[in-house]
Amino acid sequence: MKHIVSGIQPTGSINIGTYLGSIKNFVALQNSYKDHHFYLFIADLHAITIPKDRLKLRKMIKELAAIYLACGLKEERLSLFIQSEIPAHSQMSYLIQCFTYMGELERMTQYKDKAQKQASVSSALFTYPTLMAGDILLYDAEYVPVGDDQKQHLELTRDIAQRINHRFEDFFKVPKPLIPKVGARIMSLADPTVKMSKSDANVKSRIELLDDDNIIRKRIMSAVTDSEGKIYYDKVNKPGLANLMTLMGAVKNESLAAIEAAYQDKTYQTFKEDLATLVIDHLRPIKERYQELIKSDKLDDILEKGRIEAEKIARKKVMKFNHKLGLGRKK
Ligand code: AMP
Ligand code: TRP
């Protein structure tokens, strides 16, 4: 069976950008790639590359696990687990660092962005892409569904895998990214030139999956747009409207051209009202399932099953790599 691998950091409440850029895609893939097994995890080791409050982190881990399932991922062909519960992830990250150049890590735009915002930068923030490469290579992933911002990390992962394969013939599967056509980069509602992000200090910049209906409507109605008043897609000159059209397209699985055609004679007000209703209706069942899951013991059972399944594969792969490299004793 082929493998699909992905992860999300438990660094804040999940917003509609993360949902449309990744989780919604996981659900669609699970329905269409019936011969693939999914290893999906909560990237808590990645989260601590920037200091976190421990109680908040623990809460976010549980919340993210419930969100994954509430969004419609099915238990079959799925191992859902917490990254830090599988020691092989940290071990593999170190081994991969031995095959990664400083120059490659220095070029990572996510590192440059995040480092700029920190008073002091941990070395783990710098080596973050090697942990991510390990997450993927441990499971010999065929595909990695991610949003646009992770493309560069995926390219690095592929380069590293090919470099290692050059020395140890086809040891790793070289993974392919799967990036959604619409929704790979949802922008902030307050400033459509920056990505919608969990860490934006301005809560008006995003819609969180668990937000109340009236908050969702308020956020959409007050989203920044231009004053031209005509509905058509122009990312450069009308970034706010383009972002809202992208949101609608991604939720509805419709092309931007179809949305443009449907709204060409309508006002921004009508368009925003329709979008708000659409988003509210789409998120309602997710919120309901979330409330059930967060209270039940089922979550823990699923995470434990996932841990056991992932551990088996990951441990074997890292031990094999140790042997290839000549580490430890020969058995
Ligand atoms: P993160 O929340 O940074 O751990 O990202 C989890 C996943 O969601 C990654 O695959 C990201 O590429 C994706 N993602 C995060 N923010 C957005 C956004 N604003 N638009 C689209 N995808 C996103
Ligand atoms: N770095 C990703 C992000 O910030 C999360 C992540 C960690 C990930 N490990 C991964 C995504 C492995 C896909 C595969 O969004």
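This is a predicted model: local features need pLDDT of at least 70, side-chain atom pairs count only at pLDDT 80 or more; totals for chains, interfaces and linings use all residues.
How do the residues of the lining of the largest cavity divide into nonpolar, polar and charged? The division is four nonpolar, two polar and one charged.

**Shell around ligand 1**
- There are 17 residues around ligand 1, and those that come nearest are G147, D149, I186, M196 and K198.
- Sorted by class, this shell holds eight polar, five nonpolar and four charged residues.
- Helix α1, residues 16–32, supplies the largest share of the shell, with four residues.

- The side chain of K198 places an N or O atom 2.7 Å from an oxygen atom of ligand 1.
- At I186, a polar backbone atom lies 2.8 Å from a nitrogen atom of the ligand.
- G17 has a backbone N or O atom 3.2 Å from a nitrogen atom of ligand 1.
- The protein buries 93% of the 480 Å² that ligand 1 exposes when taken alone.

**Cavity**
- Rolling a probe the size of a water molecule over the atoms shows where empty space is left.
- The count of cavities of 30 Å³ or more comes to one.
- The largest cavity contains about 40 Å³ of space.
- Its lining consists of Q110, Y111, K114, L125, Y128, P129 and H153.
- Two elements, α6 (109–116) and α7 (123–137), each give two or more residues to this lining.

Technical notes
Residues are numbered from 1 along each chain as its sequence is written. Chains are lettered from A and ligands numbered from 1 in the order in which they are written. Side-chain values use heavy atoms; hydrogens and water are left out. A residue is near a molecule or strand if one of its heavy atoms lies within 4 Å of it. A polar contact is a pair of N or O atoms within 3.5 Å; within protein, one must be able to donate a hydrogen and the other to accept it, and residues adjacent in sequence count only if both atoms are side-chain atoms. Accessible areas come from the Shrake-Rupley method with a 1.4 Å probe; for residues, only the protein chains shown count as cover. Ala, Val, Leu, Ile, Met, Phe, Trp, Tyr, Cys and Pro count as nonpolar, Asp, Glu, Lys and Arg as charged, and the others, Gly among them, as polar. On a 1 Å grid over the protein atoms alone, a cavity is a set of points where a 1.4 Å probe fits but cannot get out, and a pocket is an open set with protein on both sides within 12 Å along at least five of seven lines; lining residues have an atom within 4 Å of a point. Grid points are joined across faces, edges and corners, and a volume is the space filled by probe spheres set on the points.
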